[in-house]
Amino acid sequence: MRILKVFIVAVTSLALFAGCKGPSVEKDEDSLTLSVEVLEFGNEKSSKEISLLANHDWSVSGELPKWLSINPLNGIGFYTKQSVTVSVVANDGEAREHVVTIMCGTASKTLLVKQEAVPAAPVAPKEEVLFKETFTESL
């Protein structure tokens, strides 16, 4: 009888341990959100802030043109909004744009930065002749 009790306790213990799994640790899926997808600037030197929300480390991917800067270029994701400053220098030429790619693990978002051209100089109106060159009537 004693052997039967030990056997039942052993089988029950094995069943309990086999049914228990350790805590499930799943990696969060990479997540990245930007407050805007397009930033538009006039032709003057200027800066604008955007908000970024990431659950893992993030960074700006690739090179930026000389007329564009972003600060900071990377950060640590804590599921809290982070401010990122996007700046452009004055534009004395044609309109320009650049697509910025921001990566967070396998997630990515793009930000299109546009800057207007320098305004064109006004064109003087063309003068028109309002009288006929030769007169047929005599005075």
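This is a predicted model: local features need pLDDT of at least 70, side-chain atom pairs count only at pLDDT 80 or more; totals for chains, interfaces and linings use all residues.
Which residues does Asn43 touch, not counting residues up to four places away in sequence?

Residues are numbered from 1 along each chain as its sequence is written, and side-chain values use heavy atoms, with hydrogens and water left out.

Back to Asn43. You'll find Asn43 in the loop between S2 and strand S3 (46–54); strands are DSSP runs of E, at least two residues, numbered from the N terminus. Asn43 touches Val89, Ala90, Asn91, Gln115, Glu116, Ala117, Val118 and Pro119, where contact means heavy atoms within 4.5 Å. Is Asn43 buried or exposed? Asn43 is buried, because its relative accessible area is 19%, and buried means under 20% with a 1.4 Å probe, protein chains only.

Now, the sheet. Five strands form an open sheet with mixed pairing, in the order S2-S9-S8-S4-S6; strands pair if DSSP finds at least two bridges between them. Strand S2 (38–41) and strand S6 (74–75) stand at the edges with a single partner strand each, so one side of each has no neighbour in the sheet. S6 pairs with strand S4 (residues 58–61) in the antiparallel sense, over two bridges. Take Ser59: its bridge partner in S6 is Asn74.

Definitions and conventions
Helices (H or I, at least four residues) and strands (E, at least two) are DSSP runs, numbered from the N terminus. Buried means under 20% relative accessible area, exposed over 50%, partly exposed in between (1.4 Å probe, protein chains only).
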